[in-house]
Amino acid sequence: MPIQLRRLLLLFSVFIIIFIVIRHFLVPDSFGEFGHYRGDALDEIASQEVKFMGNQSCVACHDSIGTLLIEGYHDYLQCEVCHGPGYQHNVNPVTYHLLKPMERTDCAKCHSQNKARAEDGIIQQDIDNHHPERKCIECHNPHQP
């Protein structure tokens, strides 16, 4: 066997050994417990602070809006879809305020025309041409559109 080939095989072997040693130290012990994932990730996620509270916590204080929602087209949405995570507001409602979407772009996130959306689902509007001089909330109550 030529010396060049021996050196190449030796170099290749060294790289493989280095790779195996580095992989041993970098791959967490819990990797592979649940398929191609870290098993410890489940415990880490479960220990994180709660951010989303659900409609029940919102309706506890804002019952009139909850009634409007039940009767409206947005009854399937969680409040936090539009207003953001409610945990901090629930803990301290005086100092922490949620988002209050008032601009056309806020409504356009769901209601702008999109050919990929089913036509019988979300009502779609041409946001650029549907009364561009007004805000959506001037004509539509988002809690009961």
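**Confidence**

The protein has a mean pLDDT of 87, and 99% of its residues reach 70 or more. Among its elements, helix α1, which covers residues 3-26, has the highest mean pLDDT, at 95. The lowest mean pLDDT, 81, belongs to α4. Where pLDDT is low, the predicted coordinates should not be read in detail.

**Overall fold**

The protein contains seven helices and zero strands. The C-alpha trace spans about 85 × 40 × 30 Å along its principal axes. Of the 145 residues, 13% count as buried. Contacts can also be sorted by distance along the chain: among those between residues at least 6 apart in sequence, 42% join residues at least 24 apart.

**The largest pocket**

The largest pocket holds about 1600 Å³ of space. Its lining is made up of 50 residues, and H74, C82, H83, P142 and H143 lie nearest the pocket centre. Which helices supply at least two residues each to this lining? They are α3, α4, α5, α6 and α7, with the residue ranges given in the table.

| Helix | Residues |
|---|---|
| α3 | 55-59 |
| α4 | 63-71 |
| α5 | 79-83 |
| α6 | 87-91 |
| α7 | 104-111 |

The largest share of the lining, six residues, comes from α7. Sorted by class, the lining has 26 nonpolar, 18 polar and six charged residues.

**Residue G86**

G86 sits in the loop between α5 and α6. Is G86 buried or exposed? Its relative accessible area is 7%, and residues under 20% count as buried, so G86 is buried. Leaving aside residues up to four places away in sequence, G86 touches K51, M53, E80 and L98. R23, by contrast, lies 63 residues from G86 in sequence, and the two C-alpha atoms are 41 Å apart in space.

Methods:
Residues are numbered from 1 along each chain as its sequence is written. This is a predicted model: local features need pLDDT of at least 70, side-chain atom pairs count only at pLDDT 80 or more; totals for chains, interfaces and linings use all residues. Side-chain values use heavy atoms; hydrogens and water are left out. On a 1 Å grid over the protein atoms alone, a cavity is a set of points where a 1.4 Å probe fits but cannot get out, and a pocket is an open set with protein on both sides within 12 Å along at least five of seven lines; lining residues have an atom within 4 Å of a point. Grid points are joined across faces, edges and corners, and a volume is the space filled by probe spheres set on the points. Helices (H or I, at least four residues) and strands (E, at least two) are DSSP runs, numbered from the N terminus. Ala, Val, Leu, Ile, Met, Phe, Trp, Tyr, Cys and Pro count as nonpolar, Asp, Glu, Lys and Arg as charged, and the others, Gly among them, as polar. pLDDT is the predictor's confidence in each residue, from 0 to 100. Buried means under 20% relative accessible area, exposed over 50%, partly exposed in between (1.4 Å probe, protein chains only). Contact means heavy atoms within 4.5 Å.
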